[in-house]
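Hello,

Here is the structure I promised to pass on to you. Have a look at it first, and then read my notes below.

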Amino acid sequence: MDNEFLILGGTCLTHGEEGPGTWSKAAVSLSNAFISRIGPEAAPADTSHATVFDAGGLLVLPGIVDIHGDAFERQIQPRPETVFPHDIALADTDRQLAANGITTACHGVTYSWEGGLRGREAALQLMEQVEAQRAFAHADHRIHLRFECHHIDGLQDALAWISEGRVDIVAFNEHLPAIARKCARPEKLAAYAERARCDSATFRQRLQDAQAGSEHVERVIATIATACRERGIPMASHDDETESDRERFQELGAFISEFPRTQDALFRAMALDNSTIMGAPNVLLGGSHCGGLAAIDAVRSRMCDILASDYYYPSLLHAPFKLAFHGACSLAEAWQLVSENPAAALRLSDRGRIADGARADLILVEQRPEGKVRLIATIAAGKLAYCAEPERLVMRQAHRLAA
Ligand SMILES: [Fe+2]
């Protein structure tokens, strides 16, 4: 009976078969890495064998599933000219995830013709470090491969990583036209070159080489999509602009529209019954920072299924409370956007909800006035990953003495 955990006194969002979960006062028992019992408030007889968490006055929610986050890049390369070891950076990222209630994190690893932070070495280092720290990390770290469609030379690597089981979701990204436009300005070119860890002339050459490979882009996309379908790996298209963008990727089996940029693309995704991802920072900021759609409006009109941390981890915890406060949806519905729905899109049937037998990924929060929230504790795979109020814990030994 190792790692028994009992959460008492909280208001728990438990899984509903259809629609959002329901709130109830319930005791939640965790056994090893799984939820073993959700029951009425009365303490089970074997409390003495458990670590008890007093959740009085708190909400008990499923741990957050982040389908796309790349804030880890700031731990690796906090300044354009400074690069730190991946083991130090990813350990810090893991602590940030726990302190923001994120129990499953898909790291957006861009594999691009640009090179540098978005090149082969950087991608390999990140994947290797994610694999190396699996045994001791708090969150479940996974790889969201952001494949730049003009990276023709990257095809074989992508296929190898997919077949080796190193990739959990693939998103087709197409940033080349925008980068080419921006690079008309020397200061922008210099900034891209710095991220790519090369000089401006070298970056311009890489851009031209990538443009020269345009005729191969469709073949590369189709080949990667086939590999993903064969392995059951979910796929997304990124920044859909038009209805036909969405249709084109839907036909390839990419059923997720990540950050659709227009109403047309969003409506088409909805009509096709696809999942749509929008940024949780967009909710917190009250709109897109780059001229896109407002996520809060999309949620209000039931056109957004999933929120992603994108570039800011705290946003996933706070966005649902803000959505509920502004009446865009209920809190139970908002919480689906950061737990159950992303888990389903990732085809992870063992998490995203509080239910018997599910992975013991839970967070305990204090709901504050005005749509605010404070994280009190994160439990990831049955282990306490973060705790702001340790006095709420009654350790096994102490409890036995008191009993
Ligand atoms: Fe983008």
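**What I found**

L8 stands opposite D54 in strand 6. That pair belongs to a parallel pairing, in which strand 1 (residues 4-8) is joined to strand 6 (residues 51-54) by four bridges. Two strands count as paired if DSSP finds at least two bridges between them. Strand 6 also pairs with strand 19 (residues 393-394), this time in the antiparallel sense and over two bridges. There, V52 stands opposite V394.

Before you go further, please keep in mind that this is a predicted model: local features need pLDDT of at least 70, side-chain atom pairs count only at pLDDT 80 or more, and totals for chains, interfaces and linings use all residues. Residues are numbered from 1 along each chain as its sequence is written, and side-chain values use heavy atoms, with hydrogens and water left out.

Now for the whole chain. The protein chain holds 16 helices and 19 strands; these are DSSP runs numbered from the N terminus, with helices (H or I) of at least four residues and strands (E) of at least two. Its C-alpha trace spans about 75 × 45 × 40 Å along the principal axes. What radius of gyration does the protein chain have? The value is 22 Å, which agrees with the figure near 22 Å for a compact globule because the chain has 403 residues. This radius is taken over C-alpha atoms, and the globule rule is 2.2 Å times the number of residues to the power 0.38.

Of the 403 residues, 54% count as buried. Buried means under 20% relative accessible area, exposed over 50%, and partly exposed in between (1.4 Å probe, protein chains only). Among contacts with a separation of 6 or more, 68% come from residues 24 or more positions apart; contact means heavy atoms within 4.5 Å.

R146 is found in strand 10 (residues 140-148). Is R146 buried or exposed? R146 is buried, because its relative accessible area is 6%. R146 and V109 are 37 residues apart in sequence, and their C-alpha atoms are 5.6 Å apart in space. Not counting residues up to four places away in sequence, R146 touches several others, including H68, D70, R118 and H238.

E73 lies in helix 1 (residues 73-76) and is buried too, with a relative accessible area of 14%. Leaving aside neighbours within four places in sequence, E73 is in contact with P78, G108, L117 and R118.

Best wishes
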